[in-house]
Amino acid sequence: MKTPKVWFDELTMQEAEQAAKKDTVIIIPVGSVEEHGVHLPLCTDSIQPEYIAQETAKKTRTLIAPPLRYGVCNSTRNFPGTISIQFETLRSIAKDVLEEFIRNGFTKFLILSGHAGQSHMAALRLAAQQVIWNHEKQKKPPRIQVCSDYDFAYELKGKHFDEKDGHAGTIETSRVKAIKPELVKTKAQKHYPTIPRFEVLANPETYFPAGIIGDPTTATTKKGQMINKYITEQTVKLIEELRK
(Lines give C-alpha, C1' and ligand atoms only; values in the text may rest on other atoms or scores of the structure.)
Protein backbone atom coordinates (compact mmCIF):
# COMPACT_ATOMS: atom_id res chain seq x y z
CA MET A 1 0.00 0.00 0.00
CA LYS A 2 1.36 3.40 -0.99
CA THR A 3 2.29 5.60 1.98
CA PRO A 4 0.26 8.84 1.85
CA LYS A 5 2.13 12.12 1.61
CA VAL A 6 2.00 14.11 4.83
CA TRP A 7 4.13 17.16 4.01
CA PHE A 8 2.23 19.93 2.25
CA ASP A 9 5.25 21.24 0.35
CA GLU A 10 5.88 17.82 -1.20
CA LEU A 11 2.57 18.02 -3.07
CA THR A 12 2.22 19.20 -6.65
CA MET A 13 -0.03 22.20 -7.25
CA GLN A 14 -2.80 19.88 -8.50
CA GLU A 15 -2.53 17.75 -5.37
CA ALA A 16 -2.68 20.87 -3.20
CA GLU A 17 -5.80 22.01 -5.02
CA GLN A 18 -7.46 18.63 -4.48
CA ALA A 19 -6.50 18.63 -0.79
CA ALA A 20 -8.21 21.99 -0.33
CA LYS A 21 -11.37 20.72 -2.05
CA LYS A 22 -11.39 17.76 0.36
CA ASP A 23 -11.26 20.20 3.30
CA THR A 24 -8.00 18.66 4.51
CA VAL A 25 -6.79 19.77 7.95
CA ILE A 26 -3.42 21.52 8.00
CA ILE A 27 -1.07 21.04 10.96
CA ILE A 28 1.44 23.87 11.41
CA PRO A 29 4.36 22.82 13.66
CA VAL A 30 6.14 25.64 15.46
CA GLY A 31 9.34 25.30 17.47
CA SER A 32 12.32 27.35 18.54
CA VAL A 33 16.09 27.54 18.55
CA GLU A 34 16.65 27.47 22.28
CA GLU A 35 19.02 26.14 24.94
CA HIS A 36 17.98 22.96 26.70
CA GLY A 37 20.82 22.40 29.12
CA VAL A 38 24.09 20.71 28.26
CA HIS A 39 22.41 17.48 27.16
CA LEU A 40 19.70 18.41 24.65
CA PRO A 41 19.95 20.10 21.23
CA LEU A 42 18.83 23.61 20.37
CA CYS A 43 16.14 22.08 18.12
CA THR A 44 14.46 20.26 21.03
CA ASP A 45 11.27 22.33 20.80
CA SER A 46 11.10 21.77 17.05
CA ILE A 47 11.64 18.03 16.69
CA GLN A 48 8.98 17.21 19.27
CA PRO A 49 5.93 18.83 17.59
CA GLU A 50 7.19 17.77 14.16
CA TYR A 51 7.29 14.17 15.34
CA ILE A 52 3.79 14.43 16.82
CA ALA A 53 2.55 16.08 13.63
CA GLN A 54 3.90 13.23 11.51
CA GLU A 55 2.45 10.52 13.74
CA THR A 56 -0.90 12.33 13.78
CA ALA A 57 -0.92 12.91 10.03
CA LYS A 58 -0.33 9.23 9.34
CA LYS A 59 -3.37 8.33 11.45
CA THR A 60 -5.70 11.08 10.23
CA ARG A 61 -4.60 11.84 6.64
CA THR A 62 -3.95 15.46 7.44
CA LEU A 63 -1.18 17.56 5.91
CA ILE A 64 1.77 19.18 7.68
CA ALA A 65 2.86 22.68 6.72
CA PRO A 66 6.60 23.45 6.54
CA PRO A 67 7.66 23.96 10.18
CA LEU A 68 8.57 27.31 11.68
CA ARG A 69 11.66 26.70 13.85
CA TYR A 70 11.94 30.13 15.46
CA GLY A 71 10.09 31.40 18.50
CA VAL A 72 9.86 33.98 21.27
CA CYS A 73 12.29 32.85 23.99
CA ASN A 74 12.23 35.55 26.67
CA SER A 75 13.46 33.47 29.60
CA THR A 76 16.35 31.81 27.76
CA ARG A 77 17.48 34.44 25.26
CA ASN A 78 20.76 35.14 27.08
CA PHE A 79 21.93 31.52 26.98
CA PRO A 80 24.41 30.49 24.25
CA GLY A 81 22.62 29.25 21.14
CA THR A 82 19.16 30.69 21.78
CA ILE A 83 17.83 32.62 18.78
CA SER A 84 14.73 34.55 19.85
CA ILE A 85 12.48 36.54 17.54
CA GLN A 86 10.15 39.38 18.48
CA PHE A 87 6.53 38.82 19.53
CA GLU A 88 5.27 40.87 16.60
CA THR A 89 7.46 38.93 14.15
CA LEU A 90 5.98 35.61 15.22
CA ARG A 91 2.44 36.98 15.26
CA SER A 92 2.88 38.44 11.79
CA ILE A 93 4.35 35.36 10.12
CA ALA A 94 1.81 33.04 11.75
CA LYS A 95 -1.00 35.29 10.52
CA ASP A 96 0.47 35.49 7.01
CA VAL A 97 0.85 31.71 6.77
CA LEU A 98 -2.74 31.14 7.90
CA GLU A 99 -4.08 33.74 5.48
CA GLU A 100 -2.19 32.16 2.58
CA PHE A 101 -3.55 28.71 3.33
CA ILE A 102 -7.04 30.20 3.49
CA ARG A 103 -6.47 31.94 0.16
CA ASN A 104 -5.64 28.49 -1.23
CA GLY A 105 -8.96 27.13 -0.01
CA PHE A 106 -8.05 25.51 3.33
CA THR A 107 -10.22 26.25 6.36
CA LYS A 108 -9.14 23.96 9.21
CA PHE A 109 -5.87 24.31 11.10
CA LEU A 110 -3.98 23.08 14.11
CA ILE A 111 -1.00 25.18 15.19
CA LEU A 112 1.09 22.79 17.29
CA SER A 113 3.96 24.40 19.16
CA GLY A 114 6.80 22.58 20.90
CA HIS A 115 7.86 25.80 22.61
CA ALA A 116 5.36 26.81 25.28
CA GLY A 117 6.58 30.20 26.53
CA GLN A 118 3.74 32.53 27.49
CA SER A 119 4.62 35.32 25.04
CA HIS A 120 5.28 32.81 22.28
CA MET A 121 1.90 31.11 22.69
CA ALA A 122 0.15 34.49 23.04
CA ALA A 123 1.60 35.59 19.70
CA LEU A 124 0.30 32.45 17.99
CA ARG A 125 -3.14 32.78 19.57
CA LEU A 126 -3.40 36.45 18.67
CA ALA A 127 -2.51 35.64 15.05
CA ALA A 128 -5.23 32.99 14.97
CA GLN A 129 -7.75 35.34 16.57
CA GLN A 130 -7.05 38.07 14.02
CA VAL A 131 -7.50 35.61 11.16
CA ILE A 132 -10.78 34.38 12.65
CA TRP A 133 -12.02 37.97 12.92
CA ASN A 134 -11.01 38.65 9.30
CA HIS A 135 -13.15 35.78 8.01
CA GLU A 136 -15.97 35.49 10.55
CA LYS A 137 -18.63 36.65 8.07
CA GLN A 138 -17.70 34.16 5.38
CA LYS A 139 -20.11 31.38 4.49
CA LYS A 140 -17.54 28.87 5.74
CA PRO A 141 -15.27 30.66 8.23
CA PRO A 142 -11.97 29.01 9.19
CA ARG A 143 -11.48 27.01 12.36
CA ILE A 144 -8.11 27.24 14.10
CA GLN A 145 -6.80 25.38 17.13
CA VAL A 146 -3.65 26.59 18.89
CA CYS A 147 -1.86 24.50 21.50
CA SER A 148 1.48 23.22 22.67
CA ASP A 149 2.22 19.52 22.80
CA TYR A 150 3.18 20.25 26.42
CA ASP A 151 -0.44 21.07 27.18
CA PHE A 152 -0.84 17.30 26.92
CA ALA A 153 2.57 16.18 28.18
CA TYR A 154 2.10 18.00 31.48
CA GLU A 155 -1.22 16.24 32.03
CA LEU A 156 0.98 13.27 32.96
CA LYS A 157 2.55 15.10 35.89
CA GLY A 158 1.61 13.92 39.35
CA LYS A 159 0.63 10.39 38.36
CA HIS A 160 3.71 9.59 36.28
CA PHE A 161 6.13 12.48 36.74
CA ASP A 162 7.24 15.10 39.26
CA GLU A 163 4.86 18.06 39.46
CA LYS A 164 7.91 20.36 39.37
CA ASP A 165 9.33 18.87 36.17
CA GLY A 166 9.84 21.40 33.38
CA HIS A 167 12.31 22.74 30.85
CA ALA A 168 14.82 20.03 29.80
CA GLY A 169 13.73 17.82 32.69
CA THR A 170 12.52 14.21 32.81
CA ILE A 171 9.62 14.57 30.39
CA GLU A 172 11.42 16.58 27.73
CA THR A 173 14.62 14.55 27.88
CA SER A 174 12.67 11.30 27.66
CA ARG A 175 10.78 12.53 24.61
CA VAL A 176 13.95 13.47 22.75
CA LYS A 177 15.50 10.11 23.69
CA ALA A 178 12.53 8.44 22.01
CA ILE A 179 12.58 10.65 18.91
CA LYS A 180 16.26 11.29 18.18
CA PRO A 181 18.44 9.55 20.77
CA GLU A 182 21.61 10.46 18.89
CA LEU A 183 21.01 14.12 19.79
CA VAL A 184 21.03 13.52 23.55
CA LYS A 185 24.54 14.26 24.77
CA THR A 186 26.14 14.07 28.20
CA LYS A 187 24.06 13.12 31.22
CA ALA A 188 22.88 16.33 32.88
CA GLN A 189 22.24 16.89 36.57
CA LYS A 190 18.88 17.68 38.11
CA HIS A 191 17.99 21.26 38.95
CA TYR A 192 14.93 22.63 40.73
CA PRO A 193 15.48 26.40 40.73
CA THR A 194 13.19 28.89 42.43
CA ILE A 195 11.98 31.43 39.90
CA PRO A 196 9.86 34.48 40.87
CA ARG A 197 6.29 33.81 39.74
CA PHE A 198 5.19 37.25 38.61
CA GLU A 199 8.26 39.46 38.39
CA VAL A 200 9.35 40.66 34.95
CA LEU A 201 13.08 39.97 34.78
CA ALA A 202 15.87 41.33 32.57
CA ASN A 203 18.06 38.30 33.25
CA PRO A 204 15.82 35.36 34.18
CA GLU A 205 18.67 32.93 33.49
CA THR A 206 20.30 34.00 36.75
CA TYR A 207 17.61 31.99 38.54
CA PHE A 208 18.31 28.79 36.57
CA PRO A 209 21.91 29.01 35.31
CA ALA A 210 21.95 25.36 34.17
CA GLY A 211 19.01 25.98 31.83
CA ILE A 212 17.20 23.01 33.38
CA ILE A 213 14.06 22.67 35.50
CA GLY A 214 13.61 19.07 36.59
CA ASP A 215 15.56 15.84 36.67
CA PRO A 216 16.90 14.66 33.31
CA THR A 217 18.82 11.84 35.01
CA THR A 218 15.62 9.80 35.31
CA ALA A 219 14.72 10.13 31.62
CA THR A 220 14.36 6.96 29.55
CA THR A 221 13.40 6.06 26.01
CA LYS A 222 10.48 3.99 27.31
CA LYS A 223 9.08 6.97 29.20
CA GLY A 224 9.47 9.11 26.10
CA GLN A 225 7.60 6.61 23.96
CA MET A 226 4.75 6.56 26.46
CA ILE A 227 4.58 10.35 26.57
CA ASN A 228 4.71 10.75 22.79
CA LYS A 229 2.02 8.10 22.33
CA TYR A 230 -0.27 9.91 24.76
CA ILE A 231 0.29 13.27 23.08
CA THR A 232 -0.36 11.77 19.65
CA GLU A 233 -3.63 10.25 20.88
CA GLN A 234 -4.77 13.62 22.21
CA THR A 235 -3.73 15.40 19.02
CA VAL A 236 -5.70 12.91 16.92
CA LYS A 237 -8.74 13.84 19.01
CA LEU A 238 -8.18 17.51 18.14
CA ILE A 239 -8.19 16.66 14.44
CA GLU A 240 -11.38 14.66 14.85
CA GLU A 241 -12.97 17.65 16.59
CA LEU A 242 -11.98 19.94 13.70
CA ARG A 243 -13.67 17.59 11.25
CA LYS A 244 -17.03 17.62 13.02
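**Briefing: fold and salt bridges of a predicted model**

K5 and E15 form a salt bridge (a side-chain nitrogen of Lys or Arg within 4 Å of a carboxyl oxygen of Asp or Glu), with the closest N and O atoms 3.2 Å apart. The pair links distant parts of the chain, since K5 sits in the segment before α1 (13-21) and E15 in helix α1, 10 residues apart. This is a predicted model, in which local features need pLDDT of at least 70 and side-chain atom pairs count only at pLDDT 80 or more, while totals for chains, interfaces and linings use all residues. Residues are numbered from 1 along each chain as its sequence is written, and side-chain values use heavy atoms, with hydrogens and water left out.

**Fold and dimensions**

- The protein has 7 helices and 4 strands, taken as DSSP runs numbered from the N terminus (helices H or I, at least four residues; strands E, at least two).
- Along the sequence the elements follow the pattern α-β-α-β-α-β-α-β-α-α-α.
- The radius of gyration is 18 Å, which agrees with the value near 18 Å for a compact globule of 244 residues; the radius is taken over C-alpha atoms, and the globule rule is 2.2 Å times the number of residues to the power 0.38.
- Taken along the principal axes, the C-alpha atoms fill a box of roughly 50 × 45 × 30 Å.

**Packing and surface**

- Of the 244 residues, 50% are buried (under 20% relative accessible area; exposed is over 50%, partly exposed in between; 1.4 Å probe, protein chains only).
- Among contacts (heavy atoms within 4.5 Å) with a separation of 6 or more, 78% are between residues 24 or more positions apart.
- The accessible surface comes to about 12700 Å², and 52% of that area belongs to carbon and sulfur atoms; the areas come from the Shrake-Rupley method with a 1.4 Å probe.

**Salt bridges**

- The structure holds 11 salt bridges.
- In the K5–E15 pair, K5 is partly exposed at 38% relative accessible area, and E15 is partly exposed at 33%.
- R91 and E88 meet in a salt bridge at 2.3 Å, N to O; both lie in helix α3 (residues 87-103), 3 residues apart, about one turn of the helix.
- R91 counts as buried at 12% relative accessibility, whereas E88 is partly exposed at 43%.
- R103 and E100 meet in a salt bridge at 2.7 Å, N to O, and they are separated by about one helical turn because they are 3 residues apart in helix α3.
- R103 is exposed at 59%, and E100 is partly exposed at 40%.
- A network of salt bridges links D23, K108 and K140.
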